[in-house]
Amino acid sequence: MAIEPVVDGALRLSPDDLRDLYASRRFLDEGTRRKLGLERRFDVYYKDPLVAKENPGLEIDKNFYVPWEPGIGDGPTSARFAVVDFDSTTNKLEEPSRWDSDAKLFRDPNELPIDTAIKQSPQFRQVSTWAIVQNTLNYFEGPSGLGRRISWAFEGNRLLIVPNAGYGANAYYDRKSHSLQFYYFDGENGQRVRTCLSSDIVNHEFTHALLDGIRPHYLEAVSPQTGAFHEFLGDLTAILMSLRNTSFRQKLAERTGGLLDSKSGGELLSSVAAEFGRAVSGQEYLRSGANQDKLSKYKDEMEVHALSTVLTGTMFDILVKFTKQYLDRERADGKKLSAKQALAFTVPRMQLIAIQSLDLLPPVEVTFNDYARAVLRNLLIADPIDPRGYRKMIAEAFLTREILTSEEVGELLEPAGPYDRVPGDITHDPTVIASSRAEAYRYLDDNRDDLYIPPSVDIIVDEVFTSKKMVGRGLFMPKQVILQYLWREDVSLEGERFGPYSGQTTSLLCGATMVLDENGSMLSWARKPGSEPSAKAVAGQAKIDAGKKRNGEEERALADWIAGKERRAAYLEALARRIDEGMVGEELAGPEGLVGALTPPLIARETGGQVRFELSPHFHIHDSDDHDDKDEKNDDHYDYNLRGLRWKTSS
């Protein structure tokens, strides 16, 4: 192997040697990958230009690395992303950044390396936006995350990144155009704000694309909590990605002493999109994780950003608790961990808690309660002994925010083994189930009764795959088989409360996510039943009618049936309320892109003789239509801007 001297912290290897090492990268730790050039350094803002200006030492992240891959090209372009720098307001296509395959860096049209020396250039914005999403994708897909590749929710393998999509105070993910759109606008002080330069905003919007790929059927939901879950995960990702940087953690440790709930700097971590929030709404930040919001405060809330703060605040509380617990822990030499060390231990712990749990969520209509259960279940799988009482600490955080009840906490913390046998009298090898959708369907169809699936419904295998998750340095859980299946239940819309849709038929999505290990144990089974009974529920009801005793399986099937009827009623109630508030309509489209933001929060689509209701495909960074007279008089783009912010929702 030919090795040349270190350049920019990495050894220079021949192209063939680099490819050989790339093929073996999963066996190498982070430090080794960086030394070998399998991760390349790029300049991005820690937070955004405003935080950089007001916080010396927290300007440009000089320790930001992105995994190298053989297919990186001009644009930037890589296996999963392609940057298209087209401004719909000026109708201008910028020159793309050029990849120098020898030096392993990007150059601008003048052949200058793209770094902070040219941070005002379009090419810097192209590269920094691309680098952020590359890094975050690696965070989600890595072994401490989901331990598998994530597919997009659309046909194709590349998500388009538009760093300067046009003039407007917003940014969004759009499934229909396969893109992330980042806009720019002028703040009150005349300073141009570019949303693509905010690491928080880029991470928030990219997380919409990730969650849409992980759970595409969440788009077809009318529950406010489903849309709010999208917003929560975007905000939480922005916070967690900030914590991954060693220099940022050092500054945070110096300011807070590890007490992240303190006023001496905790807001630097918990706040999201400082520059955007100040420019648009006069706030110090767009949203904050450091809040005390409880679910009862928002029991009638339909605006998803406001509702999302409850779950974001809960997870921030858990982050704070973990850091404090590590601060109290002694090292081998008897000394307490430093604040910097405590934060370093907290980061991978939060990744396991927040990201790995996503694979345990139901495939349709997620609630905050579903996520709380997934977090606690994943911890039980990862560490059944739980010697430090992490599950109790986390359960209490969800209880405080009213996401779990005290009865649910007691049930979830009862001593129990982490494994059950795979449901069904007709056994199937989990590795065979994972081999194809056809094999997975055969298992489901053979065992409908034991899976509480109604006999007449058409089962759809949404996805089946395997994952390999890490629970600690070098420690892996057994390989997991994750099976997501669903079916549609016809629902008639009868009555004035459904307005123009009265008399039509829609469908309620039902289904489950089942997680098995390779040894045939069932690790998790998150169900969303419908109002049609399974065969066992019918048998159980017949015994009730006859005054006979039911067995345990029949009792569980009856409970599923009751829960399904409650789901149906809640779906109809939420839909009727949204129709009454004028939040349902047709999608509006146009060549500029921003016209799509005129689309209402729920879109009605005619499909196969039914009307289906979907969350708007535009997931915006915020909801605000506040403009003063000064803006209207002086901003040539005021109408364009206003149209981009019309609806008070993000979904």
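Biologist: What share of the contacts in the chain between residues at least 6 apart in sequence join residues at least 24 apart?
Modeller: That share is 64%. A contact means heavy atoms within 4.5 Å. This is a predicted model, where local features need pLDDT of at least 70, side-chain atom pairs count only at pLDDT 80 or more, and totals for chains, interfaces and linings use all residues. Residues are numbered from 1 along each chain as its sequence is written, and side-chain values use heavy atoms, with hydrogens and water left out.

Biologist: How many helices and strands does the chain have?
Modeller: There are 20 helices and 29 strands. Both are DSSP runs, numbered from the N terminus: helices are H or I with at least four residues, strands are E with at least two.

Biologist: Why is Leu 211 called buried?
Modeller: Its relative accessibility is 1%. Buried means under 20% relative accessible area, exposed means over 50%, and partly exposed lies in between (1.4 Å probe, protein chains only). The value of 1% is under the cut-off, so Leu 211 counts as buried.

Biologist: Why is Ser 406 called partly exposed?
Modeller: Ser 406 has 46% relative accessibility. That value falls between 20% and 50%, so the label is partly exposed. Ser 406 is in helix H14, residues 406-412. Its C-alpha atom is 8.8 Å from that of Glu 396, ten residues away along the chain.

Biologist: Where is Leu 211, and what is in contact with it?
Modeller: Leu 211 is in helix H5. Leaving aside neighbours within four places in sequence, it is in contact with Pro 216, Tyr 218, Phe 229, His 230 and Leu 233. Ser 151 is 60 residues apart from Leu 211 in sequence, and their C-alpha atoms are 9.9 Å apart.

Biologist: What makes H5 largely enclosed by the rest of the structure?
Modeller: The count of buried residues in H5 is 16 of 16, so the helix is largely enclosed.

Biologist: How do you know what helix H5 should span?
Modeller: The expected span is 1.5 Å times one less than the number of residues. H5 covers residues 199-214, which is 16 residues, so it should span 22 Å. The end C-alpha atoms are 22 Å apart, which agrees.

Biologist: What makes a set of residues a nonpolar core?
Modeller: The members are buried Ala, Val, Leu, Ile, Met, Phe, Trp, Tyr and Cys residues, joined through side-chain atoms within 4.5 Å. The largest core here has 116 residues. Leu 159, Phe 206, Met 315, Leu 358, Tyr 371, Ile 394 and Phe 398 touch the most other members. Helix H10 (residues 304-327) gives the largest share of this core, twelve residues. Apart from it lies another core of 46 residues, among them Leu 493, Met 514, Trp 525 and Ala 557.

Biologist: Which residues does Ile 394 touch, not counting those up to four places away in sequence?
Modeller: Ile 394 touches Ile 318, Phe 322, Ile 353, Val 375, Leu 376 and Leu 379.

Biologist: Why do S23 and S24 count as a pair?
Modeller: Two strands pair if DSSP finds at least two bridges between them. Strand S23 (residues 480-492) and strand S24 (residues 505-517) have 13 bridges, so they pair, and the sense is antiparallel. Leu 483 stands opposite Met 514 in S24.

Biologist: In what sense do S7 and S12 pair?
Modeller: Strand S7 (residues 81-83) and strand S12 (residues 159-162) pair in the parallel sense, over three bridges. Val 83 stands opposite Ile 161 in S12. S12 also pairs with strand S14 (residues 179-182), in the parallel sense over three bridges. There, the bridge partner of Val 162 is Gln 181 in S14.
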